[in-house]
Amino acid sequence: MYTDKVIDQFQNPRNVGELDNADGVGEVGSPACGDIMKMYLKIEDGVIVDVKFKTFGCGAAVATSSIATEMIKGKTLEEAEKLTNSMVIDELGGLPHEKVHCSVLAEQAIKAAIKDYKSKHGIQE
Amino acid sequence: MYTDKVIDQFQNPRNVGELDNADGVGEVGSPACGDIMKMYLKIEDGVIVDVKFKTFGCGAAVATSSIATEMIKGKTLEEAEKLTNSMVIDELGGLPHEKVHCSVLAEQAIKAAIKDYKSKHGIQE
Amino acid sequence: MQRRYFDYAATTPLDSEVLNEMLPHMKENFGNPSSVYSYGRDARKVIDDSREKVASIIGAQAKEIYFTSGGTESDNWAIKGTAFANKDKGNHIITTTVEHHAVLHTCKYLEKHGYEVTYLPVDEYGLIDLDDLKNSIRENTILITVMFANNEIGTIQPIAEIGKIAKENKVLFHTDAVQALGSVDIDVKDLGVDLMSISGHKIYGPKGIGALYVRKGVKIDNLIHGGAQEKKKRGGTENTPAIAGFAKACEMAQSTLTDQIKQATELRDYMIKGILDSIPEVKLNGHPEKRLPGNVNVSIRYIEGESILLSLDLIGIAASSGSACTSGSLDPSHVLLAIGLSHEIAHGSLRFSIGKYTTKEEVDFVLDKLPGIIQRLRDMSPLYNA
Amino acid sequence: MQRRYFDYAATTPLDSEVLNEMLPHMKENFGNPSSVYSYGRDARKVIDDSREKVASIIGAQAKEIYFTSGGTESDNWAIKGTAFANKDKGNHIITTTVEHHAVLHTCKYLEKHGYEVTYLPVDEYGLIDLDDLKNSIRENTILITVMFANNEIGTIQPIAEIGKIAKENKVLFHTDAVQALGSVDIDVKDLGVDLMSISGHKIYGPKGIGALYVRKGVKIDNLIHGGAQEKKKRGGTENTPAIAGFAKACEMAQSTLTDQIKQATELRDYMIKGILDSIPEVKLNGHPEKRLPGNVNVSIRYIEGESILLSLDLIGIAASSGSACTSGSLDPSHVLLAIGLSHEIAHGSLRFSIGKYTTKEEVDFVLDKLPGIIQRLRDMSPLYNA
Ligand SMILES: Cc1ncc(COP(=O)(O)O)c(C=O)c1O
Ligand SMILES: Cc1ncc(COP(=O)(O)O)c(C=O)c1O
Ligand code: FES
Ligand code: FES
């Protein structure tokens with residue numbers, strides 16, 4: 001059901017944890033729905049220099065969070081904002097149909113964290 | 001489903017045929033119902049000295065006709081009239097539940113033949 | 001005693017390749033396909049692959065195939081499921097007088113629940129009249145259910161034509177193809193069929209498994225509610241071994257279909273000719289050409305079917321009969337009565353069905369023995385010479 | 001990788017003795033039991049004997065046992081069959097909120113067809129309240145359907161007491177005993193049960209076979225119409241191999257029942273204690289004593305079930321979860337919600353079910369690995385330490 005890449009990201013997730021001095025934090029989902037993702041971004045000169053995540057959710061939720069952090073690390077905010085869930089799915093080599101919604105969460109969590117950063121820094125969208 | 005005795009009576013029926021000069025003939029059943037039995041009796045001094053049958057019907061119908069003829073041959077009319085289908089079934093070592101009605105036919109055919117004899121000879125019942 | 005089997009239309013022996021396909025799923029690979037762990041995922045894959053295979057041999061898409069416990073369940077589901085789901089559109093169903101009891105008794109049941117059913121008559125060969133069908137369609141007709149091929153007399157109905165009429169009149173069309181599968185080339189799309197019942201044990205597959213083809217878009221209620229199996233349309237833990245076996249059987253049937261048809265047809269025609277030539281006062285039932293390749297059905301005057309079957313059984317030949325005496329009930333086969341046979345003649349009918357293991361030697365054995373058996377029984381019959 | 005199976009409540013591996021019982025009927029002895037010839041008669045005898053065996057282990061008479069395609073069909077049949085057949089008496093059904101979907105979805109369906117259903121709530125252990133039940137019975141109540149033992153949390157309902165209440169009120173009583181069979185001593189007469197569903201694949205028997213016990217005299221409509229099989233109450237060519245296998249599995253379950261209960265209960269309590277002792281913030285679901293001998297169900301705070309299952313699967317352990325994430329739907333198990341768990345906690349629940357092949361070593365393996373897995377996932381969770 002899961003690809004080897006999903007399993008690898010689930011078993012050895014990159015960038016798990018929190019950033020104490022995060023510039024932007026995004027949280028999406030709810031425990032009632034069975035999934036919550038929290039993204040922490042450290043941003044310097046419009047570039048994501050560090051990122052961490054925490055996830056309550058299924059294997060796919062963990063794997064998409066993990067790979068999404070890899071995909072945006074070192075990218076500019078503009079680049080990171082363009083990340084879509086289908087890019088994440090492609091990168092993972094596919095997800096079962098009923099797990100596609102978990103990848104949407106990763107996209108949303110990143111967007112929420114960037115928004116948080118922008119609003120804190122008074123940047124207009 | 002059938003006992004060995006039923007099979008033997010079916011395979012080697014006793015007294016099959018017709019009696020040209022029968023003293024009593026009984027026919028019961030109808031082809032529409034799937035079974036007809038015809039009994040021919042030769043009667044001397046109130047005793048059944050010869051009996052023949054013809055049957056259109058299932059294996060049980062053939063076997064019950066056959067054994068019934070054996071059971072009444074040499075018997076007085078009074079004895080023959082007492083023959084019941086359960087006696088026939090016992091003699092055959094049993095019949096499947098749904099074949100019990102076939103044995104009733106043998107009993108009825110004999111009774112019909114005796115009745116025919118009596119009416120021809122003006123004997124009151 | 002050597003046994004010679006001539007009742008492939010009733011059920012078939014399991015092919016040993018099919019059994020080999022099933023065994024691993026009975027033993028190691030037994031997991032529940034609804035589970036996430038590897039045991040379950042293996043089973044899920046087997047079921048997905050099997051669905052593909054079954055779909056492909058009838059020209060359907062995998063997602064249009066729902067596994068059931070057999071032909072009877074499929075028939076019940078197709079009819080009750082569409083009847084209940086389309087109640088708002090109407091309550092009239094059209095079927096025929098020669099359907100299998102799985103269809104007929106379901107229709108009778110629906111009649112008790114406010115549905116109206118038209119039972120189309122058939123001609124002496126067992127064929128319905130297409131004009132009759134057209135004339136029976138009303139405003140409130142929701143379903144036409146006509147069997148593909150008859151299980152007793154083998155007659156094959158004009159399915160493509162019925163499909164066209166159904167489509168023109170926007171009525172759903174179900175066909176019971178339990179007997180046709182593996183004996184006729186079937187393409188549901190070409191035939192214009194909306195729902196189709198098939199079964200495993202008639203094609204050398206396992207018992208207790210079948211499928212219902214439901215064309216995408218057809219509205220149907222569940223018959224068996226439960227878990228999320230079969231896209232929530234049929235509950236119950238999936239019978240993975242049987243599903244795998246059914247798919248294998250379908251695959252095998254399809255890959256040898258042309259040869260099978262040829263071989264069975266030759267043996268069938270040889271057997272029919274042999275019986276008609278050697279026994280007087282015998283009549284073939286069903287259509288001479290539009291019939292299943294393996295079906296031989298004859299009526300033998302003056303004698304009764306069960307006693308013939310019993311005589312055959314005693315020398316190792318297994319056949320079947322339309323006589324009610326085989327089941328102990330009163331009325332002989334409704335199919336034989338529907339084609340116009342009298343009760344008496346219907347009682348004396350025999351079906352030999354030929355399958356892939358049938359040999360010419362076996363047929364010759366029957367042809368050799370049957371006349372003597374018939375004569376012996378006729379000599380006992382009060383109707384013969386009478 | 002060695003696989004350790006802890007999902008016996010989902011399905012069980014086929015016992016090899018059961019398979020041996022089935023094989024002859026798949027190969028040589030494949031005949032249709034409705035036929036008169038010897039192939040068929042052999043099959044008929046197997047079915048008759050099997051019916052005796054299944055009946056005897058639940059205290060029923062052979063003629064009260066009807067074979068079906070499994071537990072789901074039995075549940076559907078029991079409920080729809082009695083509901084339709086007793087429509088003149090009323091249209092009210094009583095069930096519980098913790099039933100299997102085979103029962104719940106059937107009840108929901110009947111609600112759409114003019115029936116009224118009361119869903120009795122349960123307490124924190126999953127037990128219904130008998131006074132509640134009594135108070136729910138009305139003039140027009142025709143059926144009470146309460147499961148024997150719950151498939152998720154293992155809780156065993158007071159069946160004999162329910163049977164008494166049903167009888168006093170002249171209401172039919174059906175119980176889904178799919179999980180109870182082989183794990184609890186069952187006597188339908190003592191328990192006052194009118195209808196009972198059982199299934200083969202939960203007791204090391206084949207998939208695709210089950211039975212419905214219908215007490216003599218109970219009025220029930222057919223669910224699957226067709227031929228004269230099963231005394232005309234359930235059509236379809238009999239699945240002789242599966243019937244023979246089911247009977248063998250019943251027999252084996254019965255003959256080792258006391259030992260099995262003892263062995264499973266010991267392992268279960270050892271496992272529950274092991275988990276509760278080694279992992280903080282874990283809670284046992286279901287009743288501490290009135291529970292199936294093989295059922296372990298725990299809720300683990302802060303993390304989600306599917307990710308635990310996946311972690312377990314990667315080291316070869318097969319278990320199950322009440323999390324909706326395992327199926328991709330939104331709501332977690334209705335049973336866990338019914339016993340009062342929050343969505344969040346319900347999502348973090350795990351079921352280990354123990355069977356006759358489970359060893360202490362396997363349990364120790366789980367107890368050894370589980371704490372590390374939980375900790376790793378908790379460390380990733382935004383809810384933990386939060
Ligand atoms: C309590 C209960 N009822 C019914 C069923 C359905 O049984 P089956 O899978 O045989 O259809 C199950 C198992 O899935 C069950 O655990
Ligand atoms: C035409 C037809 N329909 C339906 C059935 C029922 O199929 P099953 O035995 O798989 O329930 C049969 C065979 O018995 C059949 O020949
Ligand atoms: S988090 Fe629930 S399905 Fe992925
Ligand atoms: S003659 Fe018809 S059942 Fe015996």
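For sorting residues by class, Asp, Glu, Lys and Arg count as charged, while Gly is among those that count as polar.

**Entry 1: the shell around ligand 1**

I am working with a predicted model. I sorted the residues around ligand 1 by class first. The shell has 10 polar, 3 charged and 2 nonpolar residues. Next I asked which of the 15 residues come nearest to ligand 1. They are C:Thr237, D:Thr72, D:Asp176, D:Ser199 and D:Lys202. Chains C and D both supply residues around ligand 1, so I noted the site as shared between chains. I also looked up which element gives the largest share of the shell. Helix H3 of chain D, residues 71–85, does, with 3 residues.

**Entry 2: contacts with ligand 1**

I listed some distances to oxygen atoms of ligand 1. For D:Gly71, a backbone N or O atom lies 2.9 Å from such an oxygen. For D:Lys202, a polar side-chain atom lies 2.9 Å from an oxygen of the ligand. D:His100 also has a polar side-chain atom there, at 3.4 Å from a ligand oxygen. How much of ligand 1 does the protein cover? It covers 94% of the 390 Å² of accessible area that ligand 1 has on its own.

**Entry 3: a salt bridge in chain A**

I searched the whole structure and found 60 salt bridges over all chains. I picked A:Glu18 and A:Lys54, whose closest N and O atoms are 3.4 Å apart. A:Glu18 sits in the loop between helix H1 and strand S1 of chain A, and A:Lys54 sits in strand S3, so the pair ties together parts 36 residues apart in sequence. Is A:Lys54 buried or exposed? A:Lys54 is buried, at 8% relative accessible area. A:Glu18 is partly exposed, at 43%.

**Entry 4: two salt bridges in chain B**

I then checked B:Glu81 and B:Lys118, which form a salt bridge at 2.8 Å, N to O. B:Glu81 is in helix H3 of chain B and B:Lys118 in helix H5, so I looked at the spacing: this pair links distant parts of the chain, 37 residues apart. B:Lys118 has 10% relative accessibility and counts as buried. That follows because buried means under 20%. B:Glu81 is partly exposed, at 26%.

The side chains of B:Glu107 and B:Lys111 also meet in a salt bridge, at 2.9 Å, N to O. Both are in helix H5 of chain B, 4 residues apart, so about one helical turn separates them. B:Glu107 is buried at 16%, and B:Lys111 is partly exposed at 33%.

A:Asp8, A:Arg14 and A:Glu70 are joined into one by salt bridges that share partners.

Key
Residues are numbered from 1 along each chain as its sequence is written. Chains are lettered from A and ligands numbered from 1 in the order in which they are written. This is a predicted model: local features need pLDDT of at least 70, side-chain atom pairs count only at pLDDT 80 or more; totals for chains, interfaces and linings use all residues. Side-chain values use heavy atoms; hydrogens and water are left out. A residue is near a molecule or strand if one of its heavy atoms lies within 4 Å of it. A polar contact is a pair of N or O atoms within 3.5 Å; within protein, one must be able to donate a hydrogen and the other to accept it, and residues adjacent in sequence count only if both atoms are side-chain atoms. Accessible areas come from the Shrake-Rupley method with a 1.4 Å probe; for residues, only the protein chains shown count as cover. Helices (H or I, at least four residues) and strands (E, at least two) are DSSP runs, numbered from the N terminus. A salt bridge is a side-chain nitrogen of Lys or Arg within 4 Å of a carboxyl oxygen of Asp or Glu. Buried means under 20% relative accessible area, exposed over 50%, partly exposed in between (1.4 Å probe, protein chains only).
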